[in-house]
Amino acid sequence: MPYALAHARYQLLELVRTPVAVFGSAFFPAVAMLFFVVPAVGDDAVGATYATAAMVTFAVLSANVFQYGVGVAEDRAQPWDPYLRTLPVGPAPRFAGRVLAGLTLTYLSLLPVVLIAALLTEARTSVAGFALAAVAVALVSVPFTLMGLAIGYALPSKAAIVVAQLVFFPLAVGGGLLTAPGQAPAFIEAIAPFLPTRGAVELMWSAVGDFRPEPLSMIMLGVWVVGLASLAGWAYRRDEGRRFS
């Protein structure tokens, strides 16, 4: 655990030196709140609550896909990365430290969304609902963390940026993050349960309101976690083999 914390501290210091990374993760969800949620459903307590949960999921997706996808790819290009791989502690503390730093960035990126919801909308939830939502954030980060790691270890930095951008918006729109429950166009409602973003947002909706997740969405979320974990592991092993072959 001390080694994981040391790696997390290193990652966070890197973020502090480039605060635009934190700003970028928080920017799009906050802008979406201001331009879409506040004027459209700001006066509707139920609608604003569900929309805020969706924007939280949007922020989790953004923070993790870009933080890990682009961040890992950039780190691999630095001389420091091959050195770290020679240390006798193995890769586990590095992974754990990166995850801890990523979760910290995720929670920081959520602050503007939560503040906008509290100050400019009628979104409301109980103390228990807020606590459940905070736990749900960590849970729904898992598939997007794995997705980012798979991108970061499989691709060079320039390609990773492009791929992260290409998967980000289709997952957000296709998962129904920009619409209320049951109000997306028919074709989105048809494909949404098969995307990880849908299962993630349904967990967030169930945390803050009276919403029951669909079994298909939960099953597919589990399938995505297993598949992305396998892909991330394969990408890491391939990168490891290339470096030491």
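The lining of the second largest pocket comprises 15 nonpolar, three polar and one charged residues, where Ala, Val, Leu, Ile, Met, Phe, Trp, Tyr, Cys and Pro count as nonpolar, Asp, Glu, Lys and Arg as charged, and the others, Gly among them, as polar. The model is a predicted one, in which local features need pLDDT of at least 70 and side-chain atom pairs count only at pLDDT 80 or more, while totals for chains, interfaces and linings use all residues. Residues are numbered from 1 along each chain as its sequence is written, and side-chain values use heavy atoms, with hydrogens and water left out.

A pocket is an open set of points on a 1 Å grid over the protein atoms alone, with protein on both sides within 12 Å along at least five of seven lines, and its lining residues have an atom within 4 Å of a point. Of the 19 residues lining the second largest pocket, T52, V56, V114, F130 and A133 lie nearest its centre. Helix α5 gives the most to this lining, with six residues.

The chain has 10 helices and zero strands; helices (H or I, at least four residues) and strands (E, at least two) are DSSP runs, numbered from the N terminus.

Helices α2 (20–41) and α5 (92–120) each supply at least two residues of a nonpolar patch. Patch residues have over 30% relative accessible area and no salt bridge, and nonpolar side chains (Val, Leu, Ile, Met, Phe, Trp, Tyr) are joined within 5 Å. F35 lies in helix α2 and, at 59% relative accessibility, counts as exposed, because exposed means over 50% relative accessible area (1.4 Å probe, protein chains only).

Key: Buried means under 20% relative accessible area, exposed over 50%, partly exposed in between (1.4 Å probe, protein chains only). On a 1 Å grid over the protein atoms alone, a cavity is a set of points where a 1.4 Å probe fits but cannot get out, and a pocket is an open set with protein on both sides within 12 Å along at least five of seven lines; lining residues have an atom within 4 Å of a point.
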